[in-house]
Amino acid sequence: MRIHVTYAGGTIGMVDSPGGLRPGADLEGWLRRQLDGIEASHTISVSALDPLIDSAEATPGDWQAIADDIRVHAPAADAFIVLHGTDTMAYTSSALSYALADLGRPVVLTGSQCPLGVVGSDASPNVTGALRAAMSGRAQGTTLFFGHLLLAGNRVTKTSSWAFNGFDSPAVPPLARTGGPWRWGGPPSPGTSWESPKPFTAHDVAVINVVPGMSGARLRAMLSPAPDAVVLRCFGVGNIPASQPGLVPALAALHEAGAPLVVASQCHQAEVVLGHYEAGGALAGLGAISAHDMTLEAVYAKTVFLLSQGLRGEEFAAWMNRSIAGELTAPQDGAHDHHGPARP
């Protein structure tokens with residue numbers, strides 16, 4: 001099996017410098033030594049982004065650079081590994097799941113909490129685990145391997161800045177657990193896919209947490225000027241303090257400006273059901289869109305992806321409610337064909 005590795009940057013390949021950790025380790029040489037003697041050692045190719053990125057600095061443009069690198073090497077590879085920093089790896093894995101939904105080959109992201117040169121680093125087990133997942137023939141779509149778990153790439157969130165099991169998928173079980181042998185669960189929902197996606201482009205997407213006592217004036221100030229879209233992280237199943245003076249009018253002004261309002265939950269495990277409680281009924285009346293059980297990372301990346309495809313209004317809402325790559329649990333899963341969306 002032919003494997004291509006895209007090195008994007010991150011802690012795994014960093015070295016000490018006077019200003020702190022920075023990319024600079026001989027990652028390709030280290031990787032070759034890790035693979036020396038195994039059957040796949042001569043069928044693995046490696047490329048690196050130029051410049052390498054600290055994942056805290058990652059942008060949708062970097063998501064696109066990784067997707068482009070994978071597509072460039074697609075004719076000569078059967079599976080792909082992306083080495084990435086942990087801070088925003090869940091955002092990137094979500095974004096790649098949409099951008100590469102039509103690839104038809106596994107993409108496994110991984111990284112580490114400690115640089116590869118540190119004694120006891122988790123770099124080696126994570127990279128070899130990602131390699132095994134990529135070669136397994138069972139991994140599908142975009143996944144993330146970390147801390148002995150293989151997780152769906154658009155269902156994952158970072159849960160710890162230091163623990164070796166630093167990622168989890170709160171809404172769905174792991175795809176596999178390492179061991180002798182690995183324990184595999186059921187495959188993720190494939191979604192509808194998306195043929196020939198347009199590149200990610202920059203968009204002004206505001207992410208706002210609702211908090212107790214939030215005033216309408218503060219929310220209006222946060223939404224002025226109106227962004228391209230808003231992800232509003234609400235309480236429970238999509239509730240807001242609707243009786244707070246000025247809060248609903250501030251959201252109504254956003255609706256009048258034509259900016260999509262996507263309602264997510266602050267809970268790790270939740271299904272957004274707009275109007276289930278009176279406190280969330282106002283959002284339903286404003287045409288807000290449920291994020292269902294998507295993680296923040298998945299819904300943010302999907303919002304940018306849909307805007308980048310030129311979708312607005314009802315078409316944006318329809319695709320936000322539809323699973324592209326298994327990112328949400330909804331009645332629409334499996335109910336649509338796999339020919340991608342109608343062109344806007």
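Helices α8 and α9 are oblique to each other, where oblique covers what is left after angles under 35 degrees (roughly parallel), over 145 (roughly antiparallel) and 65 to 115 (roughly perpendicular). This is a predicted model, in which local features need pLDDT of at least 70 and side-chain atom pairs count only at pLDDT 80 or more, while totals for chains, interfaces and linings use all residues. Residues are numbered from 1 along each chain as its sequence is written, and side-chain values use heavy atoms, with hydrogens and water left out.

**Stop 1: α8 and α9**

Select residues 296-308 for α8 and 313-320 for α9. Their axes come within 11 Å and cross at roughly 140°. Axes here are lines fitted to C-alpha atoms, for helices over the stretch in contact, with angles from 0 to 180 degrees between N-to-C directions. The crossing is right-handed: the near helix is turned clockwise from the far one by less than a right angle. Now show V299, K302, T303, L306 and L307 of α8 with F316, W319 and M320 of α9, which make the contact. Contact means heavy atoms within 4.5 Å. By class, the contact has six nonpolar, one polar and one charged residues. Nonpolar means Ala, Val, Leu, Ile, Met, Phe, Trp, Tyr, Cys and Pro; charged means Asp, Glu, Lys and Arg; the others, Gly among them, are polar.

**Stop 2: α3 against α8**

The crossing of α3 and α8 is right-handed. From α3, pick A90, Y91, S94, A95, Y98 and A99. They meet L296, E297, A298, Y300, A301, K302 and F305 in α8. This contact divides into ten nonpolar, one polar and two charged residues.

**Stop 3**

Step back to H292, in the loop between β16 (289-290) and α8. H292 is not a glycine, yet its phi is positive, about 55°. Its relative accessible area is 11%, so H292 is buried. Buried means under 20% relative accessible area, exposed over 50%, and partly exposed in between (1.4 Å probe, protein chains only).

**Stop 4: S193**

Go to the loop between β12 and β13 (205-209) for S193. S193 also has a positive phi, about 70°, without being a glycine. It counts as buried, at 11% relative accessibility.

**Stop 5: two cis bonds**

Select G180 and P181: the peptide bond between them is cis, with omega near 5°. P181 sits in the loop between β11 (176-177) and β12 (183-184). Next, S224 and P225 are joined by a cis peptide bond with omega about 0°. P225 lies in the loop between α5 (216-222) and β14 (229-234).

**Stop 6: T110**

T110 belongs to strand β6, residues 107-110. Its relative accessible area is 0%, so T110 is buried. Beyond neighbours within four places in sequence, T110 contacts V82, L83, H84, M89, N126, V127, A130, F145 and F146.

**Stop 7: α1**

Colour residues 27-35, helix α1: L27, G29, W30, L31 and L35 are buried. Their cover includes β1 (3-7), β4 (44-48), β5 (79-83) and α4 (123-135).

**Zoom out**

The protein has nine helices and 16 strands. Helices (H or I, at least four residues) and strands (E, at least two) are DSSP runs, numbered from the N terminus. Of the 344 residues, 51% are buried.
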